[in-house]
Amino acid sequence: MKRRSFLAGIGATTAAATIGMPSILRAQAPISLNGAVQFNDDHAFNRALLRFEELVKKYYGKPVNFTLHRNSSLGLEKQYFEYMSQGKAVDYGIVSPAHMSTFAKAAPFIDAPFVFKGIEHMNKVVEANILAPIADEVAAKAEVVLIGYSGGGIRNIFANKPLKNLADLKGLKVRVQGAPIWSKTLCGGRHEPDGDRL
């Protein structure tokens, strides 16, 4: 049985039992949530998930137990997104949209290069709820709810020779993010084991 279905079932049963027997007060056990991150304590993802824990405890008003599994102890983003979709082992994490593409074909668009002019532009798009159709597709097909967006940082290309124009980029070996949308955009879809070429 999926964890989310089980928790929903317990909630419904508890509510029904309390209504049926109003003189009996039942204590509900605290919610326990398992998180996953593939990085160490100093990484921004880990710090963001610890801040998420802090804010949930502050605003939820009831006890919540958090366990954050660090350093890829529950696998990489692709694996723990699959665990979230299956409703087992992982309840929250930060996952690249590319790893949601198995379930929602539109998800990698969130991570497409050159979509946003900068952080301010990305924030306006998020606040305007323009990404809602993609989040809805992820929720419908993967049964995972996107509760926020992060990232959108600047990507830099470093080279061991001067690059003065676009022609200088031709044939340059670069490392791109491990998402197909990045290699397709920047390298024409070619992927080589020792590095992609522009």
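Is F52 buried, partly exposed or exposed? Select F52: its relative accessible area is 26%, so F52 is partly exposed. Buried means under 20% relative accessible area, exposed over 50%, and partly exposed lies in between (1.4 Å probe, protein chains only).

Before moving on, note that this model is predicted: local features need pLDDT of at least 70, side-chain atom pairs count only at pLDDT 80 or more, and totals for chains, interfaces and linings use all residues. Residues are numbered from 1 along each chain as its sequence is written, and side-chain values use heavy atoms, without hydrogens and water.

Y92 counts as buried, at 7% relative accessibility. The ring centres of F52 and Y92 lie 5.5 Å apart with planes at 45°, so this pair is tilted. Rings of Phe, Tyr and Trp (its six-membered ring) pair if their centres lie within 6.5 Å; planes under 30 degrees apart are stacked, over 60 edge-to-face, the rest tilted. F52 sits in helix 2 (residues 44–60) and Y92 in strand 3 (residues 92–93), 40 residues apart. Helices (H or I, at least four residues) and strands (E, at least two) are DSSP runs, numbered from the N terminus.

Next, select helix 3, residues 77–86. Its buried residues are E77, Y80, F81, M84 and S85. They lie on the same side of helix 3, because they cover an arc of only 150° around the axis, taken from the directions from the helix axis to the C-beta atoms.

Last, click G87. G87 follows helix 3 and has a positive phi, near 75°.
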